[in-house]
Amino acid sequence: MKLSTETYPLDLQLGYRGAVKALKEIGFDCYDLSIFDLGNEGSLFGEADWREKALALRKYADSLGMECNQSHGPYPCYKPNDKKWNAEIFDWCVRALEITSLVGGKICVLHPYHTWTPKENAERIYLPLLPYCKKFGVKIAVENMWSRDGSGVAIPAACNTAEDFLAHMALLDPEYFCACVDIGHAEMVGKTVSAAQLILTLGDRLGALHVHDNDLKDDLHTAPYCGKIDWESIFAALRRIGYGGEFTFEADGFVNAFPEALRLDATAFLYRTGKYMVGRIQSAD
């Protein structure tokens, strides 16, 4: 199983090339390209020469022997009362798919809107993007989301129950759409939902992971074993379905907690943690 992590936040400090080089030197097999800032001011790939920049990054990464396994596209795909954003976000998602293709990525993670039904998410976000998945040869990974009730407690949202995730997947062609289980999101919403349950339910529709820990209440994006998630149950679920994708960290909250001078060391710690975790997945002990 290949080990991956997102380019963010190292890309803010080192640029995309510097981040990819650093991840390669640390030992990661591949990288998750962070392009969730598309549509926001200052995005590197929001400029007119974005295709040239993507191709240059691919060439540089290839020279290092470093591949992109997935990307994270812009979000949210809808903002209530923001006509400008809602008019532009589709084109930014299309750009994310093309950038993913240009850098050699296989999957682009795009969030569903957390309060929409499976039918609404399919018809308003995913199915309109299907022609571009076909054009660029990139799958979209649908991610489990969370929300909060009136008292601030985290509750399930789109794809964050097994039934709802399966209902989303049933509307989407498996050749071009897969599931991304965000382990932290799954574990925030109470005992009725767990990451292991989602993994077992999704089976071969699971194509990507976002790996991070939390206190079972807040979306902390910290390193595994720094929170309260039961990792052994997740390892067992991944073994049981024969998960064949990458093990991809999204623990930027952990890395960002350190001063810039220590963020490479924090990322190296994530790598060592990941090697241990992949070993546990591959072990039946």
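**Stop one: a charged pair on a helix**

Select Glu 25 first: at 57% relative accessibility, this residue counts as exposed (exposed is over 50% relative accessible area, buried is under 20%, and partly exposed lies in between, with a 1.4 Å probe and protein chains only). Before going further, note that this is a predicted model, where local features need pLDDT of at least 70 and side-chain atom pairs count only at pLDDT 80 or more, while totals for chains, interfaces and linings use all residues. Residues are numbered from 1 along each chain as its sequence is written, and side-chain values use heavy atoms, with hydrogens and water left out.

Glu 25 and Lys 21 are 4 residues apart in helix H1, so about one helical turn separates them. Helices here are DSSP runs of H or I with at least four residues, strands are E runs of at least two, and both are numbered from the N terminus.

How many salt bridges does a search of the whole structure find? The search finds 11. Pick Arg 51 and Glu 98 next: their closest N and O atoms are 2.7 Å apart. This pair links distant parts of the chain, with Arg 51 in helix H2 and Glu 98 in helix H3, 47 residues apart. Arg 51 is partly exposed at 41% relative accessible area, whereas Glu 98 is buried at 13%.

While you're here, highlight Glu 47, Asp 49 and Lys 53: salt bridges with shared partners join them into one network.

**Stop three: strand E2**

Select residues 30-34, strand E2. 5 of the 5 residues are buried, so the strand is largely enclosed by the rest of the structure. Which way do the side chains point? Cys 30, Asp 32 and Ser 34 point one way, and Tyr 31 and Leu 33 the other way. In a regular strand, side chains alternate between the two faces of the sheet.

Next, bring in strand E1 (residues 3-6), which pairs with E2 in the parallel sense over 3 bridges (two strands pair if DSSP finds at least two bridges between them). Ser 4 stands opposite Cys 30 in E2. Trace the chain from E1 through helix H1 (residues 10-26) to E2, and you follow a right-handed β-α-β crossover. Right-handed means that, with the strands pointing away from the viewer, the path from the first strand over the helix to the second runs clockwise.

Strand E3 (residues 67-72) also runs parallel to E2, joined by 5 bridges. Look for Asp 32 opposite Gln 70 in E3. E2, helix H2 (residues 50-64) and E3 make a right-handed β-α-β unit.

**Stop four: the core**

The largest nonpolar core has 84 residues (a nonpolar core is a set of buried Ala, Val, Leu, Ile, Met, Phe, Trp, Tyr and Cys residues joined through side-chain atoms within 4.5 Å). Among those with the most contacts inside this core are Tyr 31, Leu 33, Phe 165 and Val 181. Helix H3 (residues 83-102) gives the most to the core, with 9 residues.

Zoom in on Val 181. Leaving aside neighbours within four places in sequence, Val 181 is in contact (heavy atoms within 4.5 Å) with residues including Asn 144, Phe 165, Leu 198 and His 210.

**Stop five: a buried arginine**

Finish at Arg 205, in the loop between helix H7 (195-202) and strand E9 (206-210). Arg 205 is buried yet has no salt bridge. The nearest side chain of opposite charge, Asp 204, is 5.7 Å away; Lys and Arg count as positive and Asp and Glu as negative, while His and the chain ends are not counted. Not counting residues up to four places away in sequence, Arg 205 touches several residues, among them Met 169, Asp 173, Phe 177 and Cys 178.

Notes: Salt bridge = Lys/Arg side-chain N within 4 Å of Asp/Glu carboxyl O.
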